[in-house]
Amino acid sequence: MSRERRRGVLSIDEGTTGTRAAVVLDDGGAAPPAYLPISVHSPDHLRVEQDGTEIWVNTVRVCREALDWAAAHDVEILGVSVATQRATVLLWDTVTGSPLSQAVVWQDRRYAARLREWEPEWDEHLAERTGRPVGSRAPLLWAAEEIHRNAAAARAHDEGRLAFGSVDTWLVWKLTGGARHVMSATNAVATGAYDLRTGDWYDPWVDFLGCPRDVLPRIVDEDGDLGFTDPSVLGVRLPILSVMGDQHAAMIALGAHRPGQAMCVHGTGTFLDAVAGDQPPTHRRRVPGVLTLVGWRSQGSSLFSLEGYASTTGSAMRWLCEEIGLFESPARLAELAREHTGPTRVKFLPALAGLRTPVWSPEATGVLTGLSLSTTRAELARGILDGFAHSVCDLLEGVEDVMGLPVTDLFCGGGLATSDVLMSRQADLIGRPVRRARGNETASLRGTAYLGGVRAGLWPSLSAATAGLRTAPVFEPTLSDAERQEARAEWRDLLARHITAAGHGGPEPDSQEESAL
């Protein structure tokens, strides 16, 4: 008796620090991912850049490895789905197919000081139309200035062969052999120039920033007209089923599908996203760093979300281990944190690339305090994870303040979510249960594949795609309300003293900052 052939989707997750590809199978699980790291360069404390060619070459390599796995296991591939880091942008020559600039990463803050000058004039308009204020970066401003100062880019623009886009635009253009110059809605909203009302570019802001319209990609649904892969690229012609921002893909995979549900993903930064409904939410109160986003746009309809993020949690962990050498590895840090079971005076504010919530201060720096001669490495590790947990609590409180409603379910994923200490501490400080999603390390890979698989008929709905996944473990709070409130009060005092002492200016009542997006 012959066995029915399995089916799946080739899924790509192009993150800030690495590229993964894996086959997501018809039972909702993912095959072992192929992975390659991506270099991140910081020429100075404001600039963060990557090499678009490296991103592309690595993507092809991991895709071919995943396709080899599918062939070896007799899996039929129905199409390709893509999740990408958001708001990382580049320019390229559509004739040569080569980048004409470094890719500017979403953590880049080179325009933060100049953008602040535009806040009084633009914040209110932008918050209403694009879901975010001016912020600390503007990818379209960078494009305009790069065309002006980069002779190769200027020449390509004059000759009608210059393209601008985020990483999803770049990958789809390359995968289709230049047949599609598009950007998905979840990536477009991260550029800060997406009109929530029309679903297109917000012309007044685009014009003000000086970005030529002829270099901008067409904005499409996450499962829109994305073309087919060029057989010369991957050796096979496949439909591109879906493309979306990585955090939005994670929302789908972790189970945040309905209003009131939220997910928290610990990656390079920590992102907290809550589903808000089918209309852009009216901000009950302006909270720095909390943004209105398109959760995803499918078949012409949008589901909106609210997001807050801390830009340097996972990257702070890597800095502590790899750059400073305080710990052998993130895993060792997490092990040590388990050994310290009592209270700790150590506090760590992971603001290594500015602070967004609850205070808008792009110039802010990190803090490690409360050290004494009795401080052990275990207590230090515990204090660092406590800082991450407080940051999550800041984000959740901000999102709930904006929504005017409590988050009913919080699902957690990402590398740091494997730490029981961090999950338990989040539950303690939030005062509510926290769920650690199964298979969270492949959430972005699976989420975009679920959306694409629904389009391809692999599953009838997103809920059906996730139905076969195991129940998530739950971490219950153990602190009393008084203990929780005291811990949160001490954290807020640390924030207030640091912002005041460093002269960062304190909170801007209408200022928010974005994700990455």
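This tour goes from the pockets to a surface patch and then to some backbone details.

The model is predicted: local features need pLDDT of at least 70, side-chain atom pairs count only at pLDDT 80 or more, and totals for chains, interfaces and linings use all residues. Residues are numbered from 1 along each chain as its sequence is written, and side-chain values use heavy atoms, without hydrogens and water.

Select Arg20, His266, Gly267, Thr268 and Gly415. Of the 42 residues lining the largest pocket, these are the closest to its centre. A pocket is an open set of points on a 1 Å grid over the protein atoms alone, where a 1.4 Å probe fits, with protein on both sides within 12 Å along at least five of seven lines; lining residues have an atom within 4 Å of a point. The largest pocket holds about 1000 Å³ of space, a volume filled by probe spheres set on the points.

Now colour α11 (314–323), one of the elements giving two or more residues to this lining. The largest share, five residues, comes from α11. Helices (H or I, at least four residues) and strands (E, at least two) are DSSP runs, numbered from the N terminus. By class, the lining has 15 nonpolar, 20 polar and seven charged residues. Here Ala, Val, Leu, Ile, Met, Phe, Trp, Tyr, Cys and Pro count as nonpolar, Asp, Glu, Lys and Arg as charged, and the others, Gly among them, as polar.

Next, the second largest pocket, with about 500 Å³ of space. Pick Ser42, Gln107, Thr312, Ser315 and Arg318, the closest to its centre of 20 lining residues. That lining divides into six nonpolar, nine polar and five charged residues.

**Surface**

Show Trp319, Ile324, Leu326, Leu352, Leu368 and Leu371. Together they make a nonpolar surface patch of about 480 Å². Zoom in on Leu368, in strand β17 (residues 367–369). Leu368 counts as partly exposed, at 33% relative accessibility. Buried means under 20% relative accessible area, exposed over 50%, partly exposed in between (1.4 Å probe, protein chains only).

**Backbone**

Go to Pro358, in the loop between β16 (347–349) and β17. The Thr357 to Pro358 peptide bond is cis, with omega near 10 degrees.

Jump to Ala87, in the loop between β5 (75–84) and β6 (89–93). Ala87 is not a glycine, yet has a positive phi of about 65 degrees. Ala87 is buried, at 2% relative accessibility.

Gln299 also has a positive phi, about 50 degrees. Find Gln299 in the loop between β14 and β15 (301–310). Gln299 is exposed, with a relative accessible area of 70%.

Conventions:
Patch = residues over 30% accessible without salt bridge, like charges linked within 9 Å, V, L, I, M, F, W, Y side chains within 5 Å. Areas by Shrake-Rupley, 256 points an atom, 1.4 Å probe, with all protein chains shown as cover. Salt bridge = Lys/Arg side-chain N within 4 Å of Asp/Glu carboxyl O.
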